[in-house]
Amino acid sequence: MYIFDPFRLSCCRLLEQHPLCSYRRADQSEHALSILLIGNGARMETLVPTLLTHGQLLDTKLRMTVLHAGTATAENLLKRGPALKDFVRITRDGSLLSDPSEPLAELQLCRCAMTSERLREKLSVLGDAAYVIISTGNDEKNLTLSRTCAEMLPQGRRLVACVQKSLNHGFEVLAPEPMQIIGGRQDDIYLSRLEQIAYNLHYIYVKTANDRQSPQRIRQDFEKSYNYLSNLEAALHIRSKLLCCGIDTRDPAESAAAFAAFMQQEASIVKRL
């Protein structure tokens with residue numbers, strides 16, 4: 001069985017309790033979602049692809065800005081995801097690195113000293129950031145920079161959170177609900193529920209491709225590390241997409257019925273999702 005990284009689980013819980021679609025703003029006929037990530041290191045390299053993936057929402061233009069302390073973070077991100085250039089418009093310190101014809105998102109990589117003074121300068125031109133996460137590798141610095149963001153960013157629908165190693169790599173949320181702790185040590189029940197949905201997705205996928213596969217073989221295949229993690233992520237992303245359709249229920253049968261009714265009203269929805 002793949003051992004789920006506690007930080008990845010904390011990311012899933014953060015995205016479930018504070019879904020990205022709730023922080024979009026109306027932009028003409030679409031929505032716009034502005035994500036700001038501040039920091040560096042392995043946790044930041046996990047956050048970027050996770051939020052780029054979960055930011056693929058119905059009729060939503062996604063822009064992500066990453067403020068990092070040096071070139072290593074930007075280089076590692078691009079090495080870990082070389083295919084990003086095929087789907088994402090990427091700039092690094094103002095220089096255009098990729099410009100696909102139909103980008104799924106815009107990613108800006110910018111060097112910035114990890115101090116409140118420099119951060120205030122950056123925030124003065126990033127005032128529309130609605131989903132902000134800080135992860136510098138230092139708990140105290142994370143909290144300091146988070147407070148700066150909470151003070152500087154306009155009041156309204158926004159999230160400001162930071163990674164805390166002392167919370168088993170969970171998150172401390174400063175806005176909109178101060179002192180909310182997400183992740184950490186009490187994840188067993190949550191993981192069990194998410195695993196059940198993920199397994200159902202995998203089972204349906206395998207059976208559709210090959211109806212002769214036995215339940216035992218499907219379970220073994222599900223427990224391979226890539227399948228396990230990708231299906232957990234897919235289970236969470238489905239909920240986000242349903243929320244974009246105005247469907248907010250955790251009951252699978254109710255969700256299915258509501259989505260079927262939604263499709264009758266808007267037949268093109270499947271392709272747009």
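**Exercise 1.** Is Y199 buried or exposed?

*Solution.* One thing to keep in mind throughout: this is a predicted model.
- Step 1: look up the relative accessible area of Y199, which is 17%.
- Step 2: compare with the cut-off; buried means under 20%.
- Step 3: Y199 is therefore buried.

**Exercise 2.** Find what sits around the ring of Y199, starting with its edge-to-face partner F222.

*Solution.* 
- Step 1: take the two numbers that describe a ring pair, the distance of the centres and the angle of the planes.
- Step 2: for Y199 and F222 these are 5.4 Å and 75 degrees. Planes over 60 degrees apart count as edge-to-face, and that's the label this pair gets.
- Step 3: Y199 belongs to helix α7 (residues 188-209) and F222 to helix α8 (residues 215-222), 23 residues apart.
- Step 4: check F222 for burial; its relative accessible area is 0%, so F222 is buried.
- Step 5: widen the view. Ring pairs join Y199 and F222 with Y203 and Y228 in a cluster.
- Step 6: R219 puts its charged end over the ring of Y199, 4.8 Å from the ring centre.

**Exercise 3.** How many aromatic pairs does the structure hold, and which parts of the chain does the pair of Y23 and Y131 tie together?

*Solution.* 
- Step 1: the count of aromatic pairs is five.
- Step 2: Y23 and Y131 make one of them, edge-to-face, with 5.3 Å between centres and 80 degrees between planes.
- Step 3: Y23 is in the loop between α1 (6-17) and β1 (25-27), while Y131 is in strand β7 (residues 131-135), so the pair ties together parts 108 residues apart in sequence.
- Step 4: both partners need a burial check. Y23 comes out buried at 3% relative accessibility, and Y131 is buried at 0%.
- Step 5: Y23 has a charge over its ring too: the charged end of R157, 4.6 Å from the centre.

**Exercise 4.** Which residues is A130 in contact with, leaving aside its neighbours within four places in sequence?

*Solution.* 
- Step 1: locate A130, in the loop between α5 (116-123) and β7.
- Step 2: list the contacts: Y23, S34, R157, R158 and L159.
- Step 3: A130 is buried, at 7% relative accessibility.
- Step 4: A130 and L36 are 94 residues apart along the chain, yet their C-alpha atoms are separated by 7.6 Å.

**Exercise 5.** How many disulfides does a search of the whole structure find?

*Solution.* 
- Step 1: a disulfide needs two cysteine sulfur atoms within 2.5 Å.
- Step 2: the whole-structure search returns zero.

**Exercise 6.** What radius of gyration does the chain have?

*Solution.* 
- Step 1: a compact globule of 273 residues would have a value near 19 Å.
- Step 2: the chain has 19 Å, which agrees.
- Step 3: The chain has eleven helices and ten strands, and 48% of its residues count as buried.
- Step 4: look at the contacts between residues at least 6 apart in sequence; 64% of them join residues at least 24 apart.

Terms used
Residues numbered from 1 in each chain as written. Predicted model: local features only at pLDDT ≥ 70, side-chain atom pairs only at ≥ 80, totals over all residues. Heavy atoms only, no water. Phe/Tyr/Trp six-rings, centres within 6.5 Å; stacked < 30°, edge-to-face > 60°. Helix = DSSP H or I, 4+ residues; strand = E, 2+ residues; numbered from the N terminus. Buried < 20%, exposed > 50% of the residue type's maximum accessible area, 1.4 Å probe, protein only. Lys NZ or Arg CZ within 6 Å of the ring centre and 35° of its normal. Rg over C-alpha atoms; globule rule 2.2 N^0.38 Å. Contact = heavy atoms within 4.5 Å.
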